Amino acid sequence: MRRRDFLRAIAGSALAAALLPEESAARFLRPADVPADLAVARNGEPAQLVQAAVEALGGMSRFVSRGDIVVVKPNIGWDRLPEQAANTNPEVVAEVVRLCYQAGAKKVLVFDHTSNRAQRCYLRSGIQAAAKEAGAEVSFVHEQKFRNVEIREGVELKSWPFYKDVLEADVLINVPIAKHHSMARLTVGLKNIMGVIGGDRGAIHNHFARKIVDLNTVVKPKLTLVDGYRILRANGPQGGSPRDVQLLKTVVASTDRVAADAYAATWFGLGPQDLDYLVEAHRRGLGEIDFRKLKIREIDLGS
Amino acid sequence: MRTARRVSQLLFFLLFLYLFFEAVYPYEVALPADLFLRASPLAAVASILASRAFVSTVVLGLVILALSIPLGRFFCGWICPLGTVLDATDRWFKRPRRKVGQRESTRLRSWKYALLVAILAGSFLSVQFAGYFDPISVITRAFTAVLLPLLTKVADTFVSLLGRVSFLENITFSAYNRLQEVGFPTQQPLVRGSFLILVLFLVILVLGKWSRRFWCRNLCPLGALLGFVGQHRLTHRTVSTACTDCGVCQLMCRMNAIEDGYRITRTSECIECMQCVDICPEGAISYRLGLPASSSHKGVDLDRRRVLGSLAGGTLAAAALSVGFVGRESSSSKLRPPGALVESEFLDRCVRCLECVRICSSTGACLQPALLERGVAGFWTPVADMRHGYCEYNCNLCGQVCPTGAITRLSVEDKQKVVMGTAYFDRSRCIPWYRNEDCLVCEEHCPIPEKAIRLEQRPVQLPSGETRLVKFPYVVEDLCIGCGICVTKCPVEGQPGIFVTTAREERFTARGEKVRKEEVPAYGR
Ligand code: SF4
Ligand code: SF4
Ligand code: SF4
């Protein structure tokens, strides 16, 4: 972010703080050097948005240490173009990869267990090319690399196959896109974890809330970065029609995966209580559903 | 000369291999993957005869046919990939040693003419069985159904073994990944009935036990066609006065094309491999260009009775097959590829090469060779098995690689609008309907932007007395294109909760017009 913009943003926040009632003012008034736990960057291009949001959380070095092996997990599920907002924006993914390397990561891995044919999704989403260009190791999911994991905190699922690379990575960064989904209503970060599991994934849809939370007790992203550059408002998770895509130019980053999802839900006019899997996740201690309780920083890049 | 021929065989075989492996998504290529199939004169003649129309994609086949008039069976000796494979495998077999002058029997070689006549008679009567015997189709089929799945399996096994050795793991997986980036399957390709395809292919190879190029000598209808049109060719094996009648050339000729006395060549059999030029100890043999001299060559020795017999046989077979019974259920559950011609024309054109099946295995993976679901006449024609794979919404590749235009070449946008069939819920198996629990995997995967599967949420009373809100899916008929991904992804064990049939199916005429089943009188067949 440019310094001027940043100052302007701070000034704006201060002004807002002066005018707003106490409770909401709290979210704007954090001093700049205290890292936020949830950052929202608006009105910028994908890479800038990512930079600003991660910066506000204290920079990537808060999550990635020198020599770490990092898994960056976007949504590459569908044979769709970036403009169709069915997969994570390729530039968002690439920027996250770049930041990881800047923070000293040894290796950044990018993959997804796709719904359509992997080769098609990787190519047409633009993610394969963009992430590779940023230096990531982009690979297709190999069936032999799933390992059965016992889910100790599982309610519905007692064990499930997980992808080895995720289990062994030092850091997991979840980079979902926010989309409408007819069954889950919304798919953001928690559901994006379905891309690191094997087995019969269709079976997860039944008793979805409990099952998706079970799965999320196994893998814990240190950082969730929700791509809201373009969001898919209807006919998700694949969309296909430009009518359903909204250019929102926003990225949300949070250390709290439940809060990140809950924040993204507001774009769709949904309160956190509207999503039963978020309620379930909160109840089971995965994160804070009332994101207002977090230290929030909002940045407007003004373009 | 022999070296030149071997180089040519090798290069063409490598080209064949290259084209075979090139037939994968994203298929942005300079050379069409079906080049060899288009170059097969038999496929060309048979598809033109059967559809009684000029099939523009097979021009190359006609060119080769025309070139064979002055040049004879050069295709067999220098180009045909099956011929090359046979030359390679024939070395494995030990045949009884013959002495000079003991010629192999020529009795069987008229079979191929009989077969050719029967095939052409069938084609003319619109019962197409050229593809079962066309050598390019034979080898493409074997590669698709056996070689590629086998390769994938072997690579997978190899990777899983090496991947277990910790210091080799990373390098193994990244090498495998690299391979997959350039088109190696990420999902095991499997072809229905591959066993039969393998056995028949092996039979062709094993026939080499009895004589070299047994298939080419005695069975190949393409060889027959080229031999027939090229019997008055302008290239001549010429034996000079240096010949000492040692007979080595006759003994070694893979086609048994050298007549007794060693000076006369059976032009319809000789594939111009030029081996005799090189092995003649006296250097007495050369190839010359010129008008055929009757003293040095003999053409086809057709036995009129046999020709008439096979004409009758082909006609009878065609007639018998065309009255074959095709079950309505089995045929309507096996959808044709998007862009397929109207059924009768489709059957005429399709040469059963399975090139479409091969490329589909790299994208939606729905296409499979039919067994008997589409009738005997539809054996090995492509049908979609939606439980195994689906037709990828953004894919149009089968039409791009079909050598005879049996599948119309469509743009992706046009293909997205082609209705292959219609989906129906089986409420006795669909989870929300029979268990009153949400599922909606099908809806999630339906690629239609407006969703051809929609949901209706209603409260239901459970046996326990409790009321629950359940989302019930239904199909919007007018939007469904029958792509079948809902069927593929349905999590119900075995028989799925949703299925597709050919209802509302759209096909194409040879002129490229899209038609609905109801609009074509002779559609069903
Ligand atoms: S268009 Fe459909 S049937 Fe044809 S190759 Fe592609 S996925 Fe297969
Ligand atoms: S439809 Fe398939 S099997 Fe038939 S000719 Fe075309 S590509 Fe070959
Ligand atoms: S077949 Fe199924 S997935 Fe395909 S368009 Fe019809 S309802 Fe949708």
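Me: Where is B:His232 found?
Reply: B:His232 sits in the loop between α13 (221-229) and β1 (235-239) of chain B. Helices (H or I, at least four residues) and strands (E, at least two) are DSSP runs, numbered from the N terminus. The model is predicted: local features need pLDDT of at least 70, side-chain atom pairs count only at pLDDT 80 or more, and totals for chains, interfaces and linings use all residues. Residues are numbered from 1 along each chain as its sequence is written, chains are lettered from A and ligands numbered from 1 in the order in which they are written, and side-chain values use heavy atoms, with hydrogens and water left out.

Me: Why is B:His232 called exposed?
Reply: Exposed means over 50% relative accessible area, buried under 20%, partly exposed in between (1.4 Å probe, protein chains only). B:His232 has 53% relative accessibility, so B:His232 counts as exposed.

Me: What is B:His232 in contact with, leaving aside its neighbours within four places in sequence?
Reply: B:Ile69, B:Pro292 and B:His297. Contact means heavy atoms within 4.5 Å.

Me: Why is A:His113 called buried?
Reply: A:His113 has a relative accessible area of 15%, so A:His113 is buried. A:His113 lies in the loop between β3 (107-110) and α5 (118-124) of chain A. Leaving aside neighbours within four places in sequence, its contacts include A:Val141, A:Phe146 and A:Arg201.

Me: What makes a set of grid points a pocket?
Reply: The grid is 1 Å, over the protein atoms alone. A pocket is an open set with protein on both sides within 12 Å along at least five of seven lines. Lining residues have an atom within 4 Å of a point.

Me: Which residues lie nearest the centre of the second largest pocket?
Reply: B:Asp90, B:Arg95, B:Arg212, B:Met252 and B:Gln275, out of 24 lining residues. α1(B) gives the largest share of the lining, five residues.

Me: Which residues come nearest ligand 1?
Reply: B:Cys360, B:Cys391, B:Glu392, B:Cys395 and B:Cys398, of the 14 around ligand 1. A residue is near a molecule if one of its heavy atoms lies within 4 Å of it. By class, the shell has nine nonpolar, three polar and two charged residues.

Me: Which come nearest ligand 2?
Reply: B:Cys350, B:Cys353, B:Leu354, B:Cys356 and B:Cys402, of 13. This shell has 10 nonpolar, one polar and two charged residues.

Definitions and conventions
Nonpolar A, V, L, I, M, F, W, Y, C, P; charged D, E, K, R; others polar. 1 Å grid on protein atoms, 1.4 Å probe; cavity = no way out; pocket = protein on both sides within 12 Å on 5 of 7 lines; lining within 4 Å.
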